[in-house]
Amino acid sequence: MSKIQQINRRDFVKLFGLASGGIILGCNTTTVEKKFKPTISKDYFEPNLFIQIEKNGNITLIASRSEMGQGIRTSLASAIADELEADWDYISVKQAIGHEKYGNQNTDGSRSVRTKLEPMRKMGATAKLMLITAAAQKWNVAESVCKAENHHIINTQTNEKIFYGDLVENASQLEIPDEKTVQLKKVGDFKYIGKTLKSVDLKDFTHGTATYGIDVRIPNMKFAAVARCPVTFGTVKSFQKNNAEKVAGVENIIQIDRLKPPTGKFFGMLGGVAVIANNTWAAFQGKLALDIKWNKGENETFNSEEFKKTLTDRVHQVGKLVPGSHGNVNSAFKKAQQTIEATYHVPFLAHAPMEVPNATAWYQKDKIEVWAPVQDPQTARSELAHFFQIPVENITVNVTFLGGGFGRKSKSDFVVEAVAISKEIKAPVQVVWTREDDIQHSFYHATSTQYLKGGLDKNSKVTGWLQRVGFPSIVSSFKPLSDYASGFELGQGFTKNPYELQNFRLENVKAEANLRIGWLRSVVHIHSGFGINSFVDELAFAAKKDAVQFHLELIGKDRIIKGKSNYPYNSKRLKAVLNQTAKMANWGKKLPQNHGLGVAIHYSFYSYVATIVEVSVKNKNVKVENVWTTIDCGLALNKDNIKNQLEGATLFGMSLAMYGKISTENGAVEQHNFFDYQMTRIKDAPNIEIHIMDKMEEPPTGVGEPGVPVIAPAICNAIFNATGKRVRSLPLVDQGFA
Amino acid sequence: MKTDLIINKKTYTVEVQKDTPLLWVIRDIVGLTGTKFGCGVSQCGACSILLNGKLVKSCSTLVSEVAGKQIFTIEGTSENLEFLRQAWNAGNVPQCGYCQSGQLIAATSLLDKIEKPTDEDIDAVMSANICRCGTYSRIRKAIHKAVALKNKTL
Ligand code: FES
Ligand code: FES
């Protein structure tokens with residue numbers, strides 16, 4: 001075995017505990033968007049992503065992004081396997097720890113495939129090239145007569161072939177070729193990319209053997225539950241622990257104080273009283289038996305119903321002008337044949353992933369090890385280094401499977417809690433949140449209110465569009481007194497309005513935060529998608545025009561708008577998804593009695609989505625019968641996975657449309673568990689038909705989130721179509737629909 | 001109390017408080033973590049198990065009620081569960097996978113009771129299980145598929 005390989009192998013073993021040798025490749029993904037530099041230095045292997053090929057032909061890939069149900073482990077593996085001409089049955093995937101050498105690991109913003117596809121493909125192609133070179137040397141022929149096919153290199157002159165595993169020894173002694181000599185496959189030659197591949201984790205998922213954070217078991221670990229102040233940022237005044245101590249299994253009760261993040265980064269933790277026990281249940285029971293007096297602090301006066309009124313008042317007065325506004329709406333309204341006004345509202349929402357927040361931590365003198373379901377392991381790691389004053393290199397964050405994330409698990413407050421408790425009790429500990437903790441102490445999706453006014457001329461063309469919006473900003477979680485929605489938030493569908501509008505004015509009104517605010521699957525697009533699509537439907541009705549036709553006219557002529565990103569907005573693609581969906585839904589067909597159709601379109605995470613929903617409404621009983629959705633997400637990496645994501649987004653959107661509401665009284669969240677924070681269930685699930693546009697030559701764009709924003713407005717528009725009743729304030733249950 | 005639990009035909013002797021919910025005994029004391037916690041109050045089905053063949057929520061079943069009874073979890077195997085697993089694979093059902101232990105156990109109990117369930121039968125039993133990822137249409141199709149697979153082999 002060559003020296004390089006020995007060194008590689010040792011480091012590989014050190015980092016990931018893989019015992020077998022083989023050829024290993026890495027590439028530097030911090031700069032990969034442009035450059036690809038596979039590097040194996042003589043004395044230290046510093047890879048970001050890996051392929052390891054073993055002598056038995058097995059290929060292990062390291063997944064640097066967290067798996068939370070979006071199928072990323074499978075998708076990225078398939079890209080490597082395709083370029084490598086590997087047999088899918090030989091592929092397995094291992095999860096990376098949190099480390100900056102993997103480049104950005106923050107799994108959010110629907111961008112994993114968008115940013116990682118090309119580097120992954122190049123890694124596969126590089127490995128293939130090396131295997132070809134190794135075979136060519138063995139046969140003593142030119143590389144050009146060799147080709148890779150199904151885990152073998154084939155000599156095209158003699159039809160001899162060598163199995164990949166048998167080339168490992170030779171290939172691993174080769175220099176890694178220059179990037180310029182690495183060629184990627186043509187779209188037509190793809191074997192896995194753009195096809196349907198089964199998840200690499202199916203066996204574990206169907207046997208209960210996938211290890212989620214909550215399943216981590218380490219020797220001598222304790223279990224903990226934390227009682228936190230019902231009012232955000234309240235603190236412990238005093239507490240009685242006698243009754244809690246009497247709970248069998250409870251071993252220790254300690255106060256943990258709030259860790260306040262420094263301005264601009266991290267999440268800190270809320271603090272409270274931690275009950276440590278020898279099993280989860282005892283910790284939960286001990287927590288319930290605590291008698292705690294709280295200093296509730298200034299958020300105690302926060303009532304979400306009142307706040308809704310405040311926001312409604314504010315959006316009916318002039319707000320701060322947002323850059324990007326153009327033309328003159330006032331004169332447009334003066335000249336208009338008719339003007340239409342409407343005010344829309346979306347409540348606070350919680351993510352409620354099926355796996356509650358939890359983390360296992362072991363704090364030992366000068367090092368920390370953590371096992372946790374985190375979307376952003378690097379931030380968790382730096383955050384721990386900050387709060388516990390331990391050098392970042394002594395902190396290991398092991399990423400488990402995530403039982404859903406939806407944005408909740410990119411905030412690592414639950415990890416900080418586990419470490420704080422482990423430090424105090426000097427033992428490994430798993431902190432588990434109850435469902436009530438999860439619902440009452442989240443980083444909430446902000447509530448929003450928006451006012452829209454539109455002018456129609458005598459030809460029923462939209463001549464002016466005014467939109468005023470107010471919602472507490474995510475920035476408030478990083479910077480106190482951030483009382484207005486920020487530019488990046490308004491950029492999610494408000495400033496980047498997809499329609500061709502001559503006179504457009506966007507205003508932002510004050511909205512202070514009295515809860516921790518965070519991002520939830522598709523983030524601000526939930527507000528912009530709901531407001532804009534509902535309003536366009538109202539305009540179309542006022543204009544006595546067909547809603548699909550009206551959207552198409554508003555999108556206007558074919559145009560491409562280049563922004564700062566590499567993904568220009570192309571109005572043609574938006575019109576194409578809408579036309580396709582209308583065709584699938586047979587838009588305009590005659591509907592059974594009590595049925596209605598509603599349409600919504602949205603451009604988010606650089607993907608184009610159009611959805612049509614068919615509902616039936618009997619005695620205010622809404623049933624979503626059918627949903628047709630088309631997505632243009634550029635190159636479709638794993639088609640069946642994309643469909644699964646969009647089906648899931650449909651149900652996620654339905655949950656928030658029908659039931660989604662977090663409210664507060666005297667600062668405390670009023671919901672508790674799934675009985676009062678409801679989810680859609682299988683009996684509510686509609687028929688769903690998904691179409692993916694064939695855009696294999698375009699770069700891939702977001703998939704996990706773009707299917708969400710269209711659902712609520714399409715449902716409400718369908719209800720209007722069926723009943724003539726317009727729902728402007730979510731959720732539907734609050735409007736008497738269920 | 002000291003008690004014997006029979007889980008997937010194997011006997012485990014545990015020392016626990018008698019009012020501990022079975023879920024936590026299985027997960028934290030026996031150490032079988034395939035059965036999941038989702039809500040703790042019979043609302044989500046993540047903790048579903050079979051008790052003497054009957055579908056129950058282990059989060060709301062006390063350990064004192066199960067002595068001597070057959071406990072069946074996702075780590076176990078049965079004819080219907082295997083057909084369901086095959087169908088789950090064929091339909092690429094799971095997303096995050098977290099709810100799927102409970103979904104598979106609930107579906108097993110459905111097929112144990114009804115050979116060829118209709119959509120209404122599926123709704124009646126499976127509506128007790130939440131999937132936040134929204135894999136419901138695939139679950140429905142996979143249950144029908146499992147029945148088809150079973151009929152083919154019979
Ligand atoms: S955990 Fe038992 S039903 Fe939810
Ligand atoms: S697959 Fe994630 S909750 Fe069901």
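This is a predicted model: local features need pLDDT of at least 70, side-chain atom pairs count only at pLDDT 80 or more; totals for chains, interfaces and linings use all residues.
Which residue stands opposite B:Thr3 in S2(B)?

Residues are numbered from 1 along each chain as its sequence is written, chains are lettered from A and ligands numbered from 1 in the order in which they are written, and side-chain values use heavy atoms, with hydrogens and water left out.

**View 1. The interface of chain B and chain A.**
Chain B gives 51 residues to the contact and chain A gives 56 residues. Contact means heavy atoms within 4.5 Å. The size of an interface is often given as the accessible area lost when the parts come together. Here the two chains bury about 4500 Å², with 56% of it on carbon and sulfur atoms. Buried area is the accessible area (1.4 Å probe) that two parts lose on being put together, summed over both.

There are 5 salt bridges between chain B and chain A. A salt bridge needs a side-chain nitrogen of Lys or Arg within 4 Å of a carboxyl oxygen of Asp or Glu. B:Asp28 forms one with A:Arg217, and their closest N and O atoms are 2.9 Å apart. On the side of chain B that touches chain A, the elements giving two or more residues are helices H1 (22-30), H2 (79-90), H3 (100-113), H4 (119-126) and H5 (136-153) of chain B. H5(B) provides the largest share, 5 residues. By type, this side divides into 23 nonpolar, 18 polar and 10 charged residues. Ala, Val, Leu, Ile, Met, Phe, Trp, Tyr, Cys and Pro count as nonpolar, Asp, Glu, Lys and Arg as charged, and the others, Gly among them, as polar.

**View 2. The open sheet of chain B.**
Five strands are ordered S2-S1-S5-S3-S4, with mixed pairing. Helices (H or I, at least four residues) and strands (E, at least two) are DSSP runs, numbered from the N terminus. Two strands pair if DSSP finds at least two bridges between them. Strands S2 (10-15) and S4 (54-57) of chain B stand at the edges with a single partner strand each, so one side of each is left without a neighbour in the sheet. Neighbouring strands are turned by 40° against each other on average, direction ignored. Strand S1 (residues 2-7) of chain B pairs with S2(B) in the antiparallel sense over 6 bridges. Within S2(B), B:Val14 is the residue opposite B:Thr3. H3(B) packs on the sheet and touches strand S3 (48-51), S4 and strand S5 (70-72) of chain B, at about 35° to S3(B). Axes are lines fitted to C-alpha atoms, for helices over the stretch in contact, and angles run from 0 to 180 degrees between N-to-C directions.

**View 3. An open sheet of chain A.**
This sheet has 7 strands in the order S10-S11-S8-S18-S15-S16-S17, with mixed pairing. Strands S10 (250-256) and S17 (395-399) of chain A are at the edges, each with a single partner strand, so one side of each is left without a neighbour in the sheet. Strands S15 (residues 358-364) and S16 (residues 367-372) of chain A pair in the antiparallel sense over 5 bridges. A:Gln364 has A:Lys367 as its bridge partner in S16(A).

**View 4. A salt bridge within chain A.**
A:Lys55 and A:Glu169 meet through their side chains in a salt bridge (3.0 Å, N to O). A:Lys55 lies in the loop between strand S2 (50-53) and strand S3 (59-63) of chain A and A:Glu169 in helix H4 (residues 168-171) of chain A, so the pair ties together parts that are 114 residues apart in sequence.

**View 5. Backbone details of chain A.**
A cis peptide bond joins A:Leu730 and A:Pro731, with omega about -5°. A:Asn140 is not a glycine, yet has a positive phi of about 60°.
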